[in-house]
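Please look over the sequence and the 3D structure below.

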Amino acid sequence: KNNHCRHRHQQQTQKLKQSYIEKWHESTVKPSQFYEQHAKAGKRQKNYFYSVDLQGRVFLEETLPKNIATSIKSPQFLDFFYKRMKRVSSKEVQSLTMNDEPSPATTVSTTVTTTASLNSKSDNDNSNVSEPGIESDYPFVSPCGLYELNFVRPADSVIVFQYLQEKKMNNQEDRLEDARELELVFAATLSQPFSPCKLALSKRSGRLYHELITSLDSDNHADGRGNDKDAKAHQALNSKFTKQKDVGQRKKNPLITPLHNSDGSRIVEYGLIRSSLAVKLSENIVPYEKGKKRNGDDDNKKIFSEKRKDEEYSEMAFICFKTGKQYPIFYLPKESEPGPWSLPFEEEEG
């Protein structure tokens, strides 16, 4: 009986959560005239608008309801779309604000969505009227050619890592017994290396993230998150994630997306780890006490000493059970948390 009641409660909680997320998606949809105005025939500059949900599924923003059946599934489109993904610049903002002026009946501005605004909207009210301006809704853009811009409003991070896979080797000499490197997959077939010392935990939402990196060599960057040993030690992760042997240091991968190039940028970019993958990874996440002696302490002292001052330690670590090495997990930097354009978290779990 207790199990039945618990299961029923979980179902009710899931329905409430899903209802809240659906209402938020509805609140972000503009009147149809808005989309028509930005993409009308004969315009030199065309703008299109997309949304990305917490599972990493991509939709045209005006699509309702948003579910797996209505999401965009073309692998070619998704990879092309994400290979050009970047932070919106003043030039793209100008494309929004200087676009041909719509008639007064179709004038639209942004909503900084709050729980109160969600609750006050009727089911048929898709208007989006508030300050400070339509450009605040779209922090990311994927250019397509010279005269087409795809603006993106994600529920959280624009990049969502779907699952882990083993790296395919290109050279015959690399085809050792089960020799692989672990990678995080996003879009359709795009991937980047997985490195435990690049994990981050959101202090606000409790969600798990991974920094956008192009190669394991980026563990040696000046942010102090790792060293040469980390690039090798990560290859001995729990067998449920990978079966691999040291195949030597590889050359750096080419740039995966513009967001992966954070050198000199004020914001270090992170991708959200999809909830189902986060659950799997959580089996390797344990409490971490800085004062306790353990394997890999010399490496971790460097990590702690060289961390940026604005990052806080979460008191959790990712453990490699085969080696005993623990990688401390730090909180997601405040500037990397999703902005006011994202799904409000405060009531999401309620």
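A residue is called buried when its relative accessible area is under 20%, exposed when it is over 50%, and partly exposed in between (1.4 Å probe, protein chains only). By this rule F161 and F186 are both buried.

This is a predicted model, in which local features need pLDDT of at least 70, side-chain atom pairs count only at pLDDT 80 or more, and totals for chains, interfaces and linings use all residues. Residues are numbered from 1 along each chain as its sequence is written, and side-chain values use heavy atoms, with hydrogens and water left out.

**Confidence**

- The predictor's confidence in each residue is given as pLDDT, from 0 to 100.
- The chain has an average pLDDT of 75, and 61% of the residues score at least 70.
- Residues 120–132 have a pLDDT below 50, and this stretch has 30 contacts in the model beyond near neighbours in sequence; a contact means heavy atoms within 4.5 Å.
- Residues 172–180 also stay under 50, with 20 contacts beyond four places in sequence.
- Where pLDDT is low, the predicted coordinates should not be read in detail.

**Helix α2**

- Helices (H or I, at least four residues) and strands (E, at least two) are DSSP runs, numbered from the N terminus.
- In helix α2, residues 32–39, the buried residues are F34, Y35, Q37 and H38.
- These residues lie on the same side of α2 because they cover an arc of only 160 degrees around the axis; the arc is that of the directions from the helix axis to the C-beta atoms.
- An α-helix has 3.6 residues a turn, so residues three or four places apart point the same way.

**Salt bridges**

- A salt bridge is a side-chain nitrogen of Lys or Arg within 4 Å of a carboxyl oxygen of Asp or Glu.
- The whole structure contains ten salt bridges.
- D53 pairs with R57, with the closest N and O atoms 2.7 Å apart. D53 is buried at 7% relative accessible area, whereas R57 is partly exposed at 27%.
- E269 pairs with R87, with the closest N and O atoms 2.9 Å apart. E269 lies in the loop between α6 and β12 and R87 in strand β3, so the pair ties together parts that are 182 residues apart in sequence. E269 is buried at 10%, and R87 is partly exposed at 30%.
- E312 and K203 meet in a salt bridge of 2.9 Å, N to O. E312 is in the loop between α8 and β14 and K203 in the loop between β10 and β11, so parts 109 residues apart in sequence are tied together. E312 is partly exposed, at 36% relative accessibility.

**Aromatic rings**

- Rings of Phe, Tyr and Trp (its six-membered ring) pair if their centres lie within 6.5 Å; planes under 30 degrees apart count as stacked, over 60 as edge-to-face and the rest as tilted.
- The count comes to 16 aromatic pairs.
- F161 and F186 form an edge-to-face pair, 5.9 Å centre to centre, with 85 degrees between the planes. F161 is in strand β6 and F186 in strand β8, 25 residues apart, and the pair links distant parts of the chain.
- Ring pairs link Y50, F77, F81, Y82, F161 and F186 into a cluster.

**Charges over rings**

- A charge sits over a ring if NZ of Lys or CZ of Arg is within 6 Å of the ring centre and within 35 degrees of the ring normal.
- K30 lies over the face of F34, 5.7 Å from the ring centre.
- R84 lies over the face of F80, 3.6 Å from the ring centre.
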